[in-house]
Amino acid sequence: MKIENIGDLQVLMHTARTGSLTAAARDLGITPAAASATLKRLETQLGTRLFERSTRAMRITPPGQILLDYAQRAFDLLAEGESQAAADRGQLLGTVRVAAPSDLARNTLLPWFSEFLALHPGVELALTVGDRLLDVVRDEVDVAIRYGELADSRLVARPLAMGRPVLCASPEYLSRCPAPAVPQDLLQHNCLTFARSGRRHRLWRFALKGQWTEVRVRGDRTVDDASLVREWALAGAGVVLKSNIDVRQDLASGALQPLLTEWDTEPYPLHAVLPSGRFVPTRVRALVDFLALKFESMA
């Protein structure tokens with residue numbers, strides 16, 4: 001028996017995203033009873049269970065995941081078709097949902113987003129800023145801008161830039177504390193750290209002539225927003241290890257001074273991340289291409 005109402009798939013998609021029928025119903029503006037009835041109707045029509053139910057959450061089953069993947073593609077294609085049908089020839093329309101790291105968004109991406117929107121007035125930007133890694137497969141995100149290597153095979157990564165962490169501090173801090181001569185000297189410094197996805201980055205790595213050394217640093221503060229670590233460093237609170245992309249303006253102005261410059265740090269690639277297998281609207285591809293050109297011009 002075929003699915004009779006394509007709108008029923010919205011209940012599937014929102015339940016999978018939130019893990020809750022109640023939350024899905026709230027998002028869709030219907031009652032939990034109506035959402036439950038819709039889901040049961042889908043399962044009856046398909047002859048299979050789409051979710052494993054418990055008192056705490058709804059966990060999607062393998063058949064449910066297959067249907068979810070195709071449903072997401074179908075709605076993406078429909079939305080793209082509607083926007084292109086209503087658009088003038090060559091005009092981009094619709095919303096691009098972007099997730100980006102806090103410091104990168106504030107110091108680099110914001111003016112670029114404004115420039116892109118000026119070029120494409122039919123596009124709207126929905127920006128999520130933070131250092132928690134959003135799931136572009138599950139969360140409502142079209143593209144995520146991420147630092148670091150990617151191991152998830154469900155993702156497609158477009159390289160944007162190859163950064164490297166830079167050790168730096170403000171002149172005011174260095175007037176009180178002598179600059180480190182070797183990485184081990186960092187044990188005598190107040191090192192400012194940030195956490196990503198609940199993991200605090202305290203193990204800093206450096207290399208000299210190909211020989212790597214690690215230092216587990218200490219400091220009087222940490223935060224889950226990397227842009228605040230930079231603000232603390234600018235205020236003279238301590239030493240920070242940040243991507244050269246994030247602190248390039250501070251280094252150029254002298255607000256931060258590089259340290260241990262003869263030592264290498266590990267590559268810190270920046271990618272635009274999209275879910276594998278999902279249809280990518282033209283407006284999303286256009287934004288990724290635009291950002292890639294912008295980062296290329298920085299090199």
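Axes are lines fitted to C-alpha atoms, for helices over the stretch in contact, and angles run from 0 to 180 degrees between N-to-C directions. The model in every view is predicted.

**View 1. Helices H5 and H8 in contact.**
Helix H5 spans residues 102–119 and packs against H8 at an angle of about 50 degrees. Their axes are 9 Å apart. Angles under 35 degrees count as roughly parallel, and 65 to 115 as roughly perpendicular. H5 and H8 are therefore oblique to each other. Their crossing is left-handed. On the H5 side, the contact is made by Asp-103, Leu-104, Asn-107 and Thr-108. On the H8 side, Ile-245, Asp-246, Arg-248 and Gln-249 take part.

**View 2. The whole protein.**
The secondary structure comes to nine helices and 15 strands. The protein has 299 residues, and buried residues make up 46% of them. Its accessible surface comes to about 15400 Å². Carbon and sulfur atoms account for 53% of that area. Take the contacts between residues at least 6 apart in sequence: 73% of them join residues at least 24 apart.

**View 3. The open five-stranded sheet.**
Five strands form an open sheet in the order S4-S3-S5-S15-S6, with mixed pairing. Strand S4 (123–129) and strand S6 (155–163) stand at the edges. Each has a single partner strand, so one side of each is left without a neighbour in the sheet. From one strand to the next, the twist averages 20 degrees. Strand S3 covers residues 94–100 and is joined to S4 by seven bridges. S3 and S4 run parallel. In this pair, Gly-94 stands opposite Val-123 in S4. In a regular strand the side chains alternate between the two faces of the sheet.

Helix H8 (residues 244–253) lies across S5, S6 and S15. Here S5 is 143–147 and S15 is 268–275. H8 runs at about 25 degrees to S6. Helix H9 (residues 282–298) also packs on the sheet. H9 touches S3, S4, S5, S6 and S15. The direction of H9 makes about 20 degrees with that of S6.

**View 4. Strand S13 and its partners.**
Strand S7 (residues 165–169) is antiparallel to S13 and joined to it by four bridges. Leu-167 stands opposite Leu-241 in S13. Strand S8 (residues 191–196) is parallel to S13, with two bridges between them. Cys-191 has Val-239 of S13 as its bridge partner.

Helix H1 (residues 8–18) is mostly covered, with eight of its 11 residues buried. Those buried in H1 are Asp-8, Leu-9, Val-11, Leu-12, Met-13, His-14, Thr-15 and Ala-16. Just after H1, Gly-19 takes a positive phi of about 75 degrees. Helix H2 (residues 21–28) follows. The H1 and H2 axes come within 8 Å and cross at roughly 125 degrees. An angle over 145 would count as roughly antiparallel. H1 and H2 are therefore oblique to each other. The crossing of H1 and H2 is right-handed. From H1, the residues that meet H2 are Gln-10, Val-11, His-14, Thr-15, Arg-17 and Thr-18. Their H2 counterparts are Leu-21, Ala-23, Ala-24, Asp-27 and Leu-28.

His-14 sits in helix H1. Its relative accessible area is 13%, and buried means under 20%, so His-14 is buried. Leaving out residues up to four places away in sequence, His-14 touches Ala-24, Asp-27, Leu-28 and Glu-140. His-14 and Asp-27 are 13 residues apart in sequence. In space, the C-alpha to C-alpha distance of this pair is 7.5 Å.

**View 5. Two non-glycine residues with positive phi.**
Lys-209 is not a glycine, yet has a positive phi of about 55 degrees. Lys-209 lies in the loop between strand S10 (203–208) and strand S11 (211–216). Exposed means over 50% relative accessible area, so Lys-209, at 80%, counts as exposed. Leu-260 also has a positive phi, near 50 degrees. The loop that holds Leu-260 runs between strand S14 (257–258) and S15. At 6% relative accessibility, Leu-260 counts as buried.

Conventions
Residues are numbered from 1 along each chain as its sequence is written. This is a predicted model: local features need pLDDT of at least 70, side-chain atom pairs count only at pLDDT 80 or more; totals for chains, interfaces and linings use all residues. Side-chain values use heavy atoms; hydrogens and water are left out. Two strands pair if DSSP finds at least two bridges between them. Buried means under 20% relative accessible area, exposed over 50%, partly exposed in between (1.4 Å probe, protein chains only). Contact means heavy atoms within 4.5 Å. Accessible areas come from the Shrake-Rupley method with a 1.4 Å probe; for residues, only the protein chains shown count as cover. A crossing is left-handed if the near helix is turned anticlockwise from the far one by less than a right angle, and right-handed if clockwise.
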